[in-house]
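Visitor: I would like a close look at one part of this model. Please take me through a sheet and the helices that go with the account.

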Amino acid sequence: MKYLLAIESSCDETAAAVIDDNLQVLSNVVASQFELHEHFGGVVPEIASRAHLERILPVIDEALTSAEVTLQNLSAIAVATEPGLVGSLLVGLTAAKTLAAVLQIPLVTVNHIEAHIYACQFAVAHDIFPTIGFVISGGHTNLYDCPSPLQFDLLGATIDDAAGEAFDKVAKVLGLPYPGGPAIGQLAKQGDATAFSFPRTFLKEKRLDFSFSGLKTALLYQAMGTPNSHKEVPPLTTQRRANLAASFQEAVVDVLVGKCRQALEQKQRQRICVGGGVAANQLLRTRLQKMANETGAELILSPVEYCTDNAAMGGIAWEMLKAGKIAPLDCNVTPGLVRMPQRRGRRNKN
Ligand code: KG4
Ligand code: ZN
C-alpha cells in the first residue's frame, strides 16, 4: 500500500489528510480558524497566515497519527498552491516542500478548485471522469467541462459574488452568524419560498455565467427598505426573516440547478459532479437529484464532510502522480484573483 500526505491551507482552514492509493481516506484533520475571523465578519489574510503557521505541524502530526502512518511510510506530498490567500498558501507549500525534500519523495501541487470537484470521487467506486464539474463555494461558482482528472475547461463563472459569498452577506442582513450558508438553510425551513419573487439572473440565457449581486441587493431592499423611498418597511419579524431566507435560497438553487441542466445539454455530458461548501445545502442536493432524474444524467455529489475545505480532496494528486506531474522544489504559489472589500464611490483606475 502507498500513502499520500495532502496539505491544504489556501484560506482559513489548516488541513492535512492521509489517502492511500486505493483512494481510502485514512485521516482527515481540519483545524478551523472560524473563531479568529468571526469578529471581523470575514477572513483577515494576515491573521490567517499566522494561524496556519501555528497549526500546520500539529495538524500534520495528528493526520499521520490517526492514520497510523509514519513519515517514512509516505510516497508523496500533495499541497494546494492555487487559488487562495498568498500568505496562507505559502505556509502549506513551505511545509510540503520541506517534507518532500527531507524525505526525498515527490511533491505534487494541486488546484484547490479542481480538488473540490475531485471530492466527488469519494462518493462512488467508479471513475467520475468525463464529467461536468461544478464548484460552488465561498470564493467560486465555476462550471467546468472535465474530460479527464487532468483537464478542467472553464465553461462559466460568477461575474460578481460567489454563491457562498451571497449566502454569507444575506445572512448578515438577516442577523444570522457567519458562515451564513448553514444558518440560512436552517431558517429557510420555517419560511415560505414563494413569499418574495427574487431575480434569477441569466437563468433564461444560454451563457453559463452567474451573478448574485442583484439578488443580494433585492433582498437587502426588502429587508431594510429601498434608499430614498418613503415607503414604510414592515418589521423584520422571525416569520419575515424566514420567508426572506427561504425565497433567497429558492432563487439561488433555481439558478444553480438550471445552469447545471444547461451545461449537461450544451456539452452533451451524461454526468455532473458538484462540490464546494454550498454543495452541502440540502435543498440544492434534493433539487439537483430531481434534475438528474429528469435528464437521465448521473449526479455525483461530494459527500457532505468533503464539501467545505479539507485536505482529503487533495487525493487528486494520485491522478497527477500517475501522469508524472511532479512539481519542482522551487515551485511557487498562484494566489489568483483576490477580491478586496469594495469601497463605495471609488474605482480602481488601473
Ligand atoms: O468550500 P468552502 O469551505 O470554502 C471556499 O473554498 O470558499 O465554502 C464555504 C462557503 C461559505 O460561503 C458557506 O456559507 C457556504 O460555503 N456553505 C453553505 C452551506 N455550508 C457551507 N451554503 C449553503 N448551504 C450550506 N449548508
Ligand atoms: Zn474551498
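Visitor: Which residue in S10 is the bridge partner of valine 274?

Guide: The bridge partner of valine 274 in S10 is leucine 301. Keep in mind that this is a predicted model. Now place that bridge in its setting. Strand S9 covers residues 271-275 and pairs with S10 in the parallel sense. Four bridges link S9 and S10.

Next, the whole sheet. Five strands form an open sheet in the order S8-S7-S6-S9-S10. The pairing across the sheet is mixed. Strand S8 (151-157) stands at one edge and strand S10 (298-301) at the other, each with a single partner strand, so each has one side without a neighbour in the sheet. On average, neighbouring strands here are turned by 25° against each other, with direction ignored.

A helix lies across part of this sheet. Helix H9, residues 282-295, lies across S9, S10 and strand S6 (131-136). Against S10, helix H9 runs at about 160°.

Now a pair of helices. Helix H5 spans residues 163-173, and helix H8 spans residues 238-267. Their axes come within 12 Å. The crossing angle is roughly 170°. Angles over 145 degrees count as roughly antiparallel, so H5 and H8 are roughly antiparallel to each other. On the H5 side, the contact is made by Ala166, Phe167 and Val170. H8 contributes Phe248, Gln249 and Val252. Of the residues in this contact between H5 and H8, five are nonpolar and one is polar. None is charged.

Definitions and conventions. Residues numbered from 1 in each chain as written. Chains lettered and ligands numbered in written order. Predicted model: local features only at pLDDT ≥ 70, side-chain atom pairs only at ≥ 80, totals over all residues. Heavy atoms only, no water. Pairing = 2+ DSSP bridges. Helix = DSSP H or I, 4+ residues; strand = E, 2+ residues; numbered from the N terminus. Axes fitted to C-alpha atoms, helices over the stretch in contact; angles between N-to-C directions. Contact = heavy atoms within 4.5 Å. Parallel < 35°, antiparallel > 145°, perpendicular 65-115°, else oblique. Nonpolar A, V, L, I, M, F, W, Y, C, P; charged D, E, K, R; others polar.
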